[in-house]
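Colleague: Could you show me how to read helix packing here? I am new to this one.

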Amino acid sequence: MTSVENCTRIFTVLLSIAMLALVVIASAAGSAWAAGGAGFTTFDATLGGCLDSPNGVNCNHYTAKDRVYMSGGPAAGGLSNGCYYFAVLTPGSQNGGFIDGADGNLSDTTAGATAGDLGSGDTAGSRTFRVTNHLVTYPDTTCSPASGGHPVGSQPGTGKLIVGVAPFDDTDNPGGVYTLAVCKVGATSPSECKFDAFKVETANPPAVAELIVTKDANASYDRTFHWSIQKQVDKTLVKQVGGSTTFNYSVSVTHDSGTDSNWQVGGTITVTNPNPAGNGSNNAAGVDVVDNILSSFNSTTNTKIQDPNASCVVNSGSATGLTVAENAFISLPYFCTYSQAPAASSETNDVSITWLSPNSTTKSAEFTQGFSFDIPNLIDECATIGDSYTGPLGTLCNTNVSPTLYSYSRTIPVPQFGCTSYGNTATFTTTDTGATGSKSQTVTVCGPVRTGALTMGFWQNKNGQAIIASGASTGTVCKSGTWLRQYAPFQDLSATATCSQVASYVFNVIKAANASGVSMNAMLKAQMLATALDVYFSDPAFGGNKIGAPGPIGGVAIDLTQICANIPTCSTFINASSAFGAATSLTIGQVLAYAASQSNAGGSVWYGNVKSTQEQAKDVFDAVNNQVAFAP
């Protein structure tokens, strides 16, 4: 929507523009800092000289140059705290003209390229001041040792200290228009300045003034960060008898350098008719406004190269056939978008207007404003990191090192029997879009397999002896004896033994158990015999489940690579695979069969009577009998 207002408010609106400029002759350089708020041209309550704002706020039309003053702006929207300097420029010189010695700077001591720029001003240091809570301090030698030399005054109505901007040289604008630049000390880019336009009465104003077009350009773009997470643990499986075990975890969180998108440029185009209000004869009709993005612009040769990735829309598409009345202006919002990345990091926004003058001659004017894609709008630049065990681990941002590592330990009790698994998940959640990711690790803690097996001591005592002696028989031949004789080491048991005789045999074999000497046949035989009895008297298909085992022991598989070698503490484990044909695991029934295959009848020669091998086999049977063997 267009709006038309009295000329006395023309430049007040311009003050609210985040970056007012007149003509930019080259693309603006980037900067990480931009002047906050706005400064204002005003006038001294005693001297007067303002033609368009008698209340002293944002005066833009003066009787003479020495009546032009500047302030720190209102409490809302004024300059932010810091050190600044001011410079008066010719229209179109704000892209670098705010620096002393540059063409278009009318406040410095260097003669410029425009008529009237004689270099009769002073240094930027003399024009330096401080702003604190929107109040100006001048002179202020903490901002510049040279600060001082300009008159100060009092703003009408507010009493605030204001600073006279004269001396400055004459503008080359025929209508007497100037630009006041207020820049952060050390500024190198127009994005570090605020600009305000004002006019000083001239001796010979033009009969019919042409339209003036101005604009701002506010660039923005998004930078989206992507995150990933990994989780490691020093081990995933522990087999242990009793106690607890500790797992050491590490969480690695990584972010990229960000992906840029959604480049936009927007702002307001202002078309002003500076002719005095009269009978309407100087109204401008048929005003057409066109806006483009230039990736390259040379003001000297007027060479323009449009950015093919950008397109602009002015006033929602209603920017033709407009009328600008005398002593009035229209403000047109515009918006430019990019189909992909800009062709250059610093570009130029170019607006051109055409209109019909009172004598029906087509006139034109142009305005270019440089801008840079300096500070992106960060998206998902931070993420919260959590863990299902530890809880929150912290918040990371794009400024943190990537990857960032978190480490912690977790101690878990070992179950008496069987295995328990513990899942553990680390997650990230981004703070803007809520994107998440996770990585899990599962650790398993195993106690021995629960078999219900019993030791040599049980089978030698009265309880075990009673089970054997009361076993089933075929005629007078004890079935358990017949079953035991399938294994070569026990073939010294009589084939016709009664159950009482089998019990006596078991008692004597266990009694004779020892590991002394060059071999340990006796100890190996006793341990294997106890295991064989466990298998027989746990299986309903054999001797019945007389020992209350949870299931037939012969079918239980065990891990041969981790066998307890020092019962009952089980602090030392061996790999007994070599005693069982290099098998890493076997069922207990298979263990019995393999060990028997390495023995002669009666067990006098066993594993070639190699004691170290016999000891490995013995340790396996001992672990089974004491229920300290692990499942594979």
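Modeller: Gladly! Let us start with a pair: α6 passes α7 in a left-handed crossing. Left-handed means that the near helix is turned anticlockwise from the far one by less than a right angle, and right-handed means clockwise. Helices (H or I, at least four residues) and strands (E, at least two) are DSSP runs, numbered from the N terminus.

Modeller: Before going on, this is a predicted model, where local features need pLDDT of at least 70, side-chain atom pairs count only at pLDDT 80 or more, and totals for chains, interfaces and linings use all residues. Residues are numbered from 1 along each chain as its sequence is written, and side-chain values use heavy atoms, with hydrogens and water left out.

Colleague: Which residues of α6 and α7 make the contact?

Modeller: On α6 they are M528, T531, A532 and V535, and on α7 they are I588, L592, A595 and A596; contact means heavy atoms within 4.5 Å. By class, the contact of α6 with α7 has seven nonpolar, one polar and no charged residues. Ala, Val, Leu, Ile, Met, Phe, Trp, Tyr, Cys and Pro count as nonpolar, Asp, Glu, Lys and Arg as charged, and the others, Gly among them, as polar.

Colleague: What describes two packed helices?

Modeller: In general, the angle between their axes and the distance between the axes. For α6 and α7 the angle is about 140 degrees and the axes are 10 Å apart. Axes are lines fitted to C-alpha atoms, for helices over the stretch in contact, and angles run from 0 to 180 degrees between N-to-C directions. α6 and α7 are therefore oblique to each other: angles under 35 degrees count as roughly parallel, over 145 as roughly antiparallel, 65 to 115 as roughly perpendicular and the rest as oblique.

Colleague: At what angle do α7 and α8 pack?

Modeller: Helix α7 (residues 588-597) and helix α8 (residues 611-625) pack at about 150 degrees, with axes 11 Å apart. That angle makes α7 roughly antiparallel to α8. Their crossing is left-handed. From α7, I588, V591, L592 and A595 meet V620, F621 and V624 of α8.

Colleague: And which residues of α3 are buried?

Modeller: In α3 (residues 462-469) they are G464, Q465, I467 and I468, where buried means under 20% relative accessible area, exposed over 50%, and partly exposed in between (1.4 Å probe, protein chains only). Down the axis of α3, the buried residues fall within an arc of 160 degrees, so they line one face of the helix. The arc is that of the directions from the helix axis to the C-beta atoms.
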